[in-house]
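Biologist: I would like to learn how to read a structure of this kind, feature by feature. Could we go through it together, slowly?

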Amino acid sequence: MTQRLRLAIQSSGRLSDDTTDLLKACGIRISRPDRKLRMVSEHFDIEILFVRDDDIPGYVADGVADAGVVGQNVVLEKNPDVRQLDRLGFAACRLSIALPKSDTYDSLEDLNGKHIATSYPGLLGRYFEEHGIKASIHEISGSVEIAPGIGLADGICDIVSSGSTLISNGLKEVEVILRSEAVLIASPSLSAEKQAILDTLQFRIQSVLKAKKHRYILMNVPNESIDRVKDILPGMRAPTVMPLAQEGWSSVHSVIPDRAFWDVIDNLKEAGAEGMLVVPIEKMVL
Ligand code: PRT
Ligand code: ZN
């Protein structure tokens, strides 16, 4: 019987939509009638387990799942025996220490003697130890941000993304202890067959992520300006140049990093480029 790679993903929460979209772009369609806990993919030797994000690192370490998609914050808090593979570019956030906004704060030393509430005692404890801070940690499992307001703690250590939760609870971010995003993790030892499926999955993921970071650019350029345009374009290789039906003009195509377009557009226009089109790329295999 062919083996299947068991991939654990979050059942429902902040990671689920992006994980499903990424897998779909990799050719693995997720259909989950009746919110089943398990699904076998039709086009790929993979089986999906839908679980709580906190359980994913443990399942992968224990061999219940072969691989998983989860936030780095959860992996590093649990510190299990797993391989951390690709960073997936979504669910970006930071784990930060925050204090009431009226507190004065100049440096880490100001945390000495404080009582900090968090759902991340492992990461926070290691951070305090590394920096020689003597503060106490109060572990709570949810609604961490209200702890200072109700007198349960002097400050908190929690996940922040926009920062609006901190602001609405009268808190200010004073230290970032970790920057996190979703990652692919895998068991340290897989059978050769499962490892081969994982390699294929990683290859597909990398093609999709690379494509997201690049754009395909097309423009019309007078032939005498082609060399200048080539110098300006931050492409991976020399651009493709094709003659236009209008004599003296060419169509120039290239692949550029997503953010580079706005940096080079003025120089391209100045060099004589016209009719520029910038289009997204679905997959990129190098
Ligand atoms: O039910 P299950 O246990 O599976 O899910 P969960 O409720 O534990 O996790 P979930 O779905 O909330 O988050 C999953 C992962 O998303 C986290 O482990 C992080 O890796 C990542 N992530 C990204 C975030 C945020 N952004 C985020 N903003 N996780 C939580 N938050 C919360 C934070 O705890 C705080 O309450 O949002 C609030 C802060 O947001 P801002 O925008 O106001 O700063
Ligand atoms: Zn959770």
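Biologist: What distance separates the centres of domain 1 and domain 3?

Modeller: Please keep in mind that this is a predicted model. Taken over C-alpha atoms, the centres of domain 1 and domain 3 are 38 Å apart. The domain assignment gives domain 1 as 5-90 + 181-211, domain 2 as 93-180 and domain 3 as 214-280.

Biologist: How many aromatic pairs are found in the whole structure, and how is such a pair described?

Modeller: In general, a pair of aromatic rings is described by the distance of the centres and the angle of the planes. The search of the whole structure finds two aromatic pairs. Tyr-127 and Phe-128 form a tilted pair, with 6.4 Å from centre to centre and 55° between the planes, and both Tyr-127 and Phe-128 are buried. Phe-261 and Trp-262 form an edge-to-face pair, with 5.0 Å from centre to centre and 70° between the planes.

Biologist: Are Phe-261 and Trp-262 buried or exposed?

Modeller: Phe-261 counts as buried because its relative accessible area is 11%, under the cut-off of 20%, whereas Trp-262 counts as exposed because its relative accessible area is 65%, over the cut-off of 50%.

Biologist: Which residue lies over the face of Phe-50?

Modeller: That residue is Arg-32, which lies at 4.0 Å from the centre of the Phe-50 ring.

Biologist: Which protein donors does the zinc ion (ligand 2) have?

Modeller: For a metal site, one can begin with the donors and then turn to the angles. The protein donors of the zinc ion (ligand 2) are Asp-53 (OD) and Asp-54 (OD), which lie 1.9 to 2.1 Å from the ion. The site of this zinc ion has four donor atoms, and with angles of 77 to 169° among them it is irregular. As for accessibility, Asp-53 counts as buried because its relative accessibility is 18%, while Asp-54, at 30% relative accessibility, counts as partly exposed.

Biologist: How many residues surround ligand 1, and which are the closest?

Modeller: Ligand 1 is surrounded by 21 residues, of which the closest are Asp-54, Asn-73, Ser-162, Gly-163 and Thr-165.

Technical notes
Residues numbered from 1 in each chain as written. Chains lettered and ligands numbered in written order. Predicted model: local features only at pLDDT ≥ 70, side-chain atom pairs only at ≥ 80, totals over all residues. Heavy atoms only, no water. Phe/Tyr/Trp six-rings, centres within 6.5 Å; stacked < 30°, edge-to-face > 60°. Buried < 20%, exposed > 50% of the residue type's maximum accessible area, 1.4 Å probe, protein only. Lys NZ or Arg CZ within 6 Å of the ring centre and 35° of its normal. Donors = N, O, S within 2.8 Å, 3.2 Å for Na, K, Ca; no water. Tetrahedral: all angles 85-135°; square planar, octahedral: opposite > 155°, others 65-115°. Domains from an automatic or database assignment. Near = heavy atom within 4 Å.
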